[in-house]
Each structure stands twice: as C-alpha cells, then as structure tokens.
Amino acid sequence: MSDTGQDRRRLVRITLDERTVVRRSPEVEHERAVAIYDLLEENSFAPAGHEGGPYHLSLSIEDNRLVMDIRSTDEVRVAEVQLSIGSFRRIVKDYFTICESYYQAIRRASPSQIEAIDMGRRGLHNEGSELLRERLSGKVDIDFKTARRLFTLVCVLHIRG
C-alpha cells in the first residue's frame with residue numbers, strides 16, 4: 001500500500017467491547033460482521049489535529065457514553081472521543097423496532113411491503129449516521145459511508161442484557 005494521504009486517513013482495525021454483549025440474533029451478528037468488513041474495505045477516518053494513520057478503533061459504551069479509543073497501528077493512543085449516547089437513544093430504539101419489522105416482513109410480506117419497510121429502515125439509518133457525523137464534527141472527520149457503518153456498530157453496542 002502506498003503512503004498517500006488517503007491511505008493514512010483510514011481505519012485498519014475495529015474492535016467492539018464485548019464485555020456487556022448478550023447473545024445476539026443471527027441477523028444482528030450478520031449486520032455487525034458486514035459493517036466491520038465494509039469499514040475495513042473502504043472508509044475515511046481522520047482524528048482532528050492528527051496527521052498520522054492508519055488507525056485502530058475500539059468502540060465501547062461506558063457510563064452512558066460512546067467511547068471511541070483511537071490508536072495508531074503501533075497501539076499509541078491518538079485520541080479518545082466520548083459522546084453522550086442520550087441523543088442516539090430514540091433513533092436506535094426506532095431503528096431496532098423497524099429492523100425487527102423488516103426481518104419479520106422478509107419471512108411473510110409481499111415485495112412491495114418489504115420495500116416500504118426497508119425505505120423506512122434506511123431513512124432512520126441515514127438519520128443516525130448524520131447525527132453521528134454531526135456529533136463527531138471537530139473531533140473526527142468521517143465521510144457518510146463510514147458514518148453509516150459506524151452507526152450500525154453503535155446500534156450493536158446498544159444490545160444489552
């Protein structure tokens with residue numbers, strides 16, 4: 001890989017805090033795996049004020065805060081970004097509700113019903129992604145695709161026992 005600026009503005013490893021994980025459905029596990037795979041394939045991620053990279057990212061939820069531990073590939077901490085999860089609660093709750101409807105619809109509904117539910121699901125996902133970008137503004141520069149995939153992982157972290 002060449003050492004271009006774009007190569008440096010990216011994530012090369014992502015981990016989720018699994019300490020509080022409960023058994024997740026196969027659908028949720030699939031979404032988590034796809035989000036991480038897609039993120040590693042293509043992302044734009046640059047902590048404010050840091051020119052280095054690529055980066056390792058560890059995501060967790062601690063004390064009602066989303067914690068993003070950002071490190072260099074040699075594990076030196078670059079930044080720790082904490083965001084209140086309160087502003088994400090409604091969107092995440094609504095997103096879980098519509099995802100459940102979507103998974104049920106796949107088994108029983110007509111293609112037009114599935115498409116309508118999926119449009120709503122994508123709309124909520126976009127709303128959550130934009131909120132994440134807005135909350136990270138001035139802390140971490142990410143593009144919309146990266147925000148979408150990170151929002152998926154934020155949702156996965158909300159599943160608790």
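1. N64 sits in the loop that links β3 to β4, where strands (E, at least two residues) and helices (H or I, at least four residues) are DSSP runs numbered from the N terminus. The phi of N64 is near 60 degrees, a positive value in a residue other than glycine. With a relative accessible area of 47%, N64 is partly exposed, a class lying between buried (under 20%) and exposed (over 50%), with a 1.4 Å probe and protein chains only.

2. The model is a predicted one, in which local features need pLDDT of at least 70 and side-chain atom pairs count only at pLDDT 80 or more, while totals for chains, interfaces and linings use all residues. Residues are numbered from 1 along each chain as its sequence is written, and side-chain values use heavy atoms, with hydrogens and water left out.

3. Two further loops deserve attention. E75, in the loop between β4 and β5, has a positive phi of about 70 degrees although it is not a glycine, and its relative accessibility of 33% makes it partly exposed. P54 lies in the loop between β2 (45–47) and β3, and the peptide bond leading from G53 to P54 is cis, with omega near 10 degrees. As background, most residues other than glycine have a negative phi, and most peptide bonds are trans.

4. The open sheet consists of four strands in the order β1-β3-β4-β5, with mixed pairing; two strands pair if DSSP finds at least two bridges between them. Its edges are β1 (11–16) and β5 (77–84), each of which pairs on one side only, and the twist from one strand to the next averages 20 degrees. Strand β4 (residues 65–72) runs antiparallel to β5 and is joined to it by seven bridges, and L66 has L83 in β5 as its bridge partner. Helix α5 (residues 144–157) packs on this sheet and touches β1, β3 (55–62) and β4, its direction making about 35 degrees with that of β3.

5. R71, which belongs to strand β4, is partly exposed at 22% relative accessibility. Leaving aside neighbours within four places in sequence, R71 is in contact (heavy atoms within 4.5 Å) with P54, Y55, H56, V76, R77 and V78. The C-alpha atoms of R71 and P47 are separated by 10.0 Å, although these residues are 24 apart along the chain.

6. The axes of helix α3 (residues 89–108) and helix α4 (residues 111–136) come within 9 Å and cross at roughly 155 degrees, where axes are lines fitted to C-alpha atoms, for helices over the stretch in contact, and angles run from 0 to 180 degrees between N-to-C directions. The two helices are therefore roughly antiparallel to each other, a label for angles over 145 degrees. Residues of α3 including Y95, I98 and Y102 meet residues of α4, among them I117, R121 and L124. By class, this contact of α3 with α4 has 12 nonpolar, four polar and five charged residues.

7. Helix α2 (residues 26–41) and α5 also have axes that come within 9 Å, and they cross at roughly 145 degrees. V28, A35 and L39 are among the α2 residues in this contact, which on the α5 side includes L150, L153 and V156.

Methods:
Parallel < 35°, antiparallel > 145°, perpendicular 65-115°, else oblique. Nonpolar A, V, L, I, M, F, W, Y, C, P; charged D, E, K, R; others polar.
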